[in-house]
Amino acid sequence: MSNTVTIKFFARLRETLDTDSLDLPVDSETTVADLIRTLASRGAPWDTLDGDRSVMIAVNQTMARPSQPVSAGDEVALFPPVTGG
């Protein structure tokens, strides 16, 4: 198994970033926040991930915080917050 995680994007993020998933390398110290910073460093439109608008995070289909560590083979889902109305 390679030392990567799969990041999946949903709803508005998928449309803004024009992709539904990608793989990123990880090491034993990587957190979700690290992944988001790495993506945001790609510039526009990726920098929207690290802006004022928060994103919801799930790791292996369980809601998570940015401080959540990730391991090779994990699936990280990023999606906009759900709003009621």
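Predicted model: local features only at pLDDT ≥ 70, side-chain atom pairs only at ≥ 80, totals over all residues.

**Salt bridges**

Asp34 and Arg37 form a salt bridge through their side chains, with N and O 2.6 Å apart. A salt bridge here is a side-chain nitrogen of Lys or Arg within 4 Å of a carboxyl oxygen of Asp or Glu. Residues are numbered from 1 along each chain as its sequence is written, and side-chain values use heavy atoms, leaving out hydrogens and water.

Both Asp34 and Arg37 belong to helix α2, three residues apart, or about one turn of the helix. Helices (H or I, at least four residues) and strands (E, at least two) are DSSP runs, numbered from the N terminus. Asp34 has a relative accessible area of 25%, so Asp34 is partly exposed; Arg37, at 45%, is also partly exposed. Buried means under 20% relative accessible area, exposed over 50%, and partly exposed in between (1.4 Å probe, protein chains only).

By the salt-bridge rule the count is two. Lys8 pairs with Glu75 in a salt bridge, their closest N and O atoms lying 3.3 Å apart. This pair links distant parts of the chain, since Lys8 is in strand β1 (residues 4-9) and Glu75 is in strand β5 (residues 75-79), 67 residues apart. Lys8 is partly exposed at 31% relative accessible area, and Glu75 is partly exposed at 25%.
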